[in-house]
Amino acid sequence: VSVLMLVLALVASCAQWEEFKTSPMDPASTVTLTLNATGDSSIMVNVSNSKDGYVSILLFEGTGVEVPAEQEDKESYLSGNVSYLDFESMEAKAGETMVVSFYDVIQDATYEVMALASNTDGIIGTPVVLEVKTADTHSPVILGYDPGYDAAGVLEQGDPITLYFDEPVVY
């Protein structure tokens, strides 16, 4: 029995085992982001991915949003785990252009739109940021005032009157 075990051990030690080979990962996607249109209260952008995978588009108020450089930070942005005004995420086919719309934004304001794309292996490319300024083509409309129209009594000189508009008004 011990001779049999010795022969088996010798045969097993001479066996040629195939070397493990990793399959190559697809390079990161490149995302393209362009302005489609802006309105008083809307922003529309075109976004496309260079490879099959996923695209996330985030809307931020103002300018100066931090662009993520590390893979872990990019994953947070891609999944929407950051503070934003609006967020869209979708599956994307290579080269297909999609239109993404954001509504209920303030007119005559500056926003930043960020797009990130990943390929099917989950490798996230470099984020792209687009600065957008909404239009201001409509005049403000008074929604109400205080004291109201049916308020009893007469206001004294210097008493406050508050006007409420449908948009921010700067005077």
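1. Glu75 sits in helix α2, which covers residues 71-79. The model is predicted. Glu75 is partly exposed, and its relative accessible area is 42%. That value falls between the 20% and 50% limits, hence the label "partly exposed".

2. Glu75 also belongs to a surface patch of negative charge. Membership requires over 30% relative accessible area and no salt bridge. With 42%, Glu75 passes the area limit.

3. Next, the aromatic rings. The structure has 2 aromatic pairs. One joins Phe60 and Tyr77. Their ring centres are 6.3 Å apart, and the planes make an angle of 50 degrees, a tilted arrangement. Phe60 belongs to strand β3 (residues 53-61) and Tyr77 to helix α2, so this pair ties together parts 17 residues apart in sequence. Both Phe60 and Tyr77 are buried.

4. Tyr84 and Phe87 also form an aromatic pair. This one is tilted, with 5.4 Å from centre to centre and 35 degrees between the planes. Tyr84 is partly exposed, at a relative accessible area of 33%.

5. Last, a glycine. Where does Gly80 lie? Gly80 is in the loop between α2 and β4 (86-92). Is Gly80 buried or exposed? Gly80 is buried: its relative accessible area is 12%, and buried means under 20%. In sequence, Gly80 and Ser56 are 24 residues apart. In space, their C-alpha atoms are 7.9 Å apart.

Conventions
Residues numbered from 1 in each chain as written. Predicted model: local features only at pLDDT ≥ 70, side-chain atom pairs only at ≥ 80, totals over all residues. Heavy atoms only, no water. Patch = residues over 30% accessible without salt bridge, like charges linked within 9 Å, V, L, I, M, F, W, Y side chains within 5 Å. Areas by Shrake-Rupley, 256 points an atom, 1.4 Å probe, with all protein chains shown as cover. Salt bridge = Lys/Arg side-chain N within 4 Å of Asp/Glu carboxyl O. Lys, Arg positive; Asp, Glu negative; His and termini not counted. Charge placed at Lys NZ, Arg CZ, Asp CG, Glu CD. Helix = DSSP H or I, 4+ residues; strand = E, 2+ residues; numbered from the N terminus. Buried < 20%, exposed > 50% of the residue type's maximum accessible area, 1.4 Å probe, protein only. Phe/Tyr/Trp six-rings, centres within 6.5 Å; stacked < 30°, edge-to-face > 60°.
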